[in-house]
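Subject: Structure handover and findings

Hello,

The structure we discussed is below, with the sequence. My notes follow it; please read them with the model open.

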Amino acid sequence: MTNTGQLTGLNGPKRIIIIGASGMIGSRLCALASDQDIPLIATCRSHPVEGCRLFDMAYDHLVQLAPTLGAGDVVYLLAANSDPNAVFREPDAARLLNVNATLRLAREAMAVGARVVFVSTEQVFDGAGGFCEDDMPKPQCLYAQQKVEVEQTLLAEHGDICIVRAGALVGDLPSDNCIVAKTYETLLKPEACMARDNVFTVTDVHDIANVLLLLSNPSQHRLYHVAAGPEVSRTVLADLVMEMSRYGSDMTYKTVNFADIPYAEPRGCVTWMKSKRIQDEFGYSFTPTPQVVRQKVQLLDDWRKAS
Ligand SMILES: NC(=O)c1ccc[n+]([C@@H]2O[C@H](COP(=O)([O-])OP(=O)(O)OC[C@H]3O[C@@H](n4cnc5c(N)ncnc54)[C@H](OP(=O)(O)O)[C@@H]3O)[C@@H](O)[C@H]2O)c1
């Protein structure tokens, strides 16, 4: 049975603060917290969003946002430049946000006794796949290296910290530019290429929102993986999309090796993780990948038909 992140029966947080609440994960976490009547401060940066306060983590301080921040509060650090291409193009600007500002806010929160939940990525890995929380990261791209730097710094510091590594997420809004949407769009273009040996996980964004809320409570560990199963390769994902879409006959691709794709910098090829701790500790069941893909493809088909 799926655990929906309901905090009933546990000592829920006094208040949660979501930095990056207008994003794909943050918007779902906000909705979930609101449904459970958890007091909430939510932030966005570039444009006003209902229910969010403008906050730029490059300059602003948590004390301005939440002057009474302290024990019982939980600060979710979701804001980041999470596009590896953009991080590679502008490494210094990305570092200011992804490393410097993230660590500064985490330290501000921990200094007053608040719990910090930082979201990292499956892309910290590369190798044989099936990575558990105890496995050593091997980040290939700069984005992943910045995530590992923050992870390691926070784990080395004392404070109430929780790090959550997420696989590729799938959202159910037209604005969610997720892995299924990107694959769907690519397959409709001529000369689409899919790598047979690029293997990763695909997870419903509502699952990570549920898990993040569960982790607002003190937990057994400081590091968790959040990834649905089974893992998929690019070609398997492409085949699922083609099979499930009513536009499947308009889609095609050429099978290639990951090494043939001309990325500007190295990327993790086999990154898929296992979420053993979340399952063991919370009994959490993820929406299986084929179901996540099917739901998204149906939405994409409907939006395509309507446009
Ligand atoms: N999406 C995935 O598949 C995935 C997978 C693994 C890990 N992650 C990680 O999970 C986290 C959240 O991902 P997401 O997909 O929800 O991100 P997203 O949709 O790109 O949202 C990013 C959020 O950060 C805010 N933000 C950007 N620059 C900021 C700044 N300087 N100061 C304050 N806020 C700023 C954005 O606000 P505006 O909207 O106002 O610009 C937005 O709310 C990221 O750390 C990402 O690396 C994501």
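Among contacts in the protein chain between residues at least 6 apart in sequence, 80% join residues at least 24 apart. Two residues are in contact here if their C-beta atoms, placed from the backbone, lie within 7 Å. This is a predicted model, in which local features need pLDDT of at least 70 and side-chain atom pairs count only at pLDDT 80 or more, while totals for chains, interfaces and linings use all residues. Residues are numbered from 1 along each chain as its sequence is written.

Overall form

The protein chain has 10 helices and 13 strands. Both are DSSP runs numbered from the N terminus: helices are H or I with at least four residues, strands are E with at least two. The C-alpha trace spans about 55 × 40 × 35 Å along its principal axes. For 307 residues, a compact globule would have a radius of gyration near 19 Å, and the protein chain agrees with that at 19 Å. That radius is taken over C-alpha atoms, and the globule rule is 2.2 Å times the number of residues to the power 0.38.

Of the 307 residues, 44% count as buried. A residue is buried if 20 or more other C-beta atoms lie within 10 Å of its own, exposed if 12 or fewer, and partly exposed in between, again with C-beta atoms placed from the backbone.

Helix α1 and what follows it

Helix α1 covers residues 24–35, and its 12 residues reach 17 Å from the first C-alpha to the last, close to the 16 Å expected at 1.5 Å a residue. The expected span is 1.5 Å times one less than the number of residues. This helix is mostly covered, with 9 of its 12 residues buried. Those are M24, I25, G26, S27, R28, L29, C30, L32 and A33.

Leaving aside neighbours within four places in sequence, V205 is in contact with M24, I25, R28, L169, V170 and G171. V205 and L29 are 176 residues apart along the chain, yet their C-alpha atoms are separated by 9.3 Å.

Backbone points to check

Most residues other than glycine have a negative phi, and most peptide bonds are trans. D37, in the loop between α1 and β2, has a positive phi near 55°. D37 is exposed, with 8 other C-beta atoms within 10 Å. E191 is not a glycine either, and its phi is about 65°. It sits in the loop between α6 and β8 (193–195) and counts as exposed, with 8 C-beta neighbours inside 10 Å. Lastly, a cis peptide bond with omega of about -5° joins G229 and P230. P230 lies in the loop between β11 (223–226) and β12 (232–233).

Helices α6 and α8

Two packed helices are described by the angle between their axes and the distance between the axes. Helix α6 (residues 179–187) and helix α8 (residues 234–244) pack at an angle of about 75°, with their axes 10 Å apart. Axes are lines fitted to C-alpha atoms, for helices over the stretch in contact, and angles run from 0 to 180 degrees between N-to-C directions. The two helices are therefore roughly perpendicular to each other, a label for angles of 65 to 115 degrees (under 35 is roughly parallel, over 145 roughly antiparallel, the rest oblique). V180, T183, Y184 and L187 in α6 meet L237, A238, V241 and M242 in α8. By class, this contact has 7 nonpolar, 1 polar and no charged residues. Ala, Val, Leu, Ile, Met, Phe, Trp, Tyr, Cys and Pro count as nonpolar, Asp, Glu, Lys and Arg as charged, and the others, Gly among them, as polar.

One more residue

N98 is found in helix α4 (residues 91–111) and counts as buried, with 23 C-beta neighbours inside 10 Å. Leaving aside neighbours within four places in sequence, N98 is in contact with A80, N81 and Q146.

Regards
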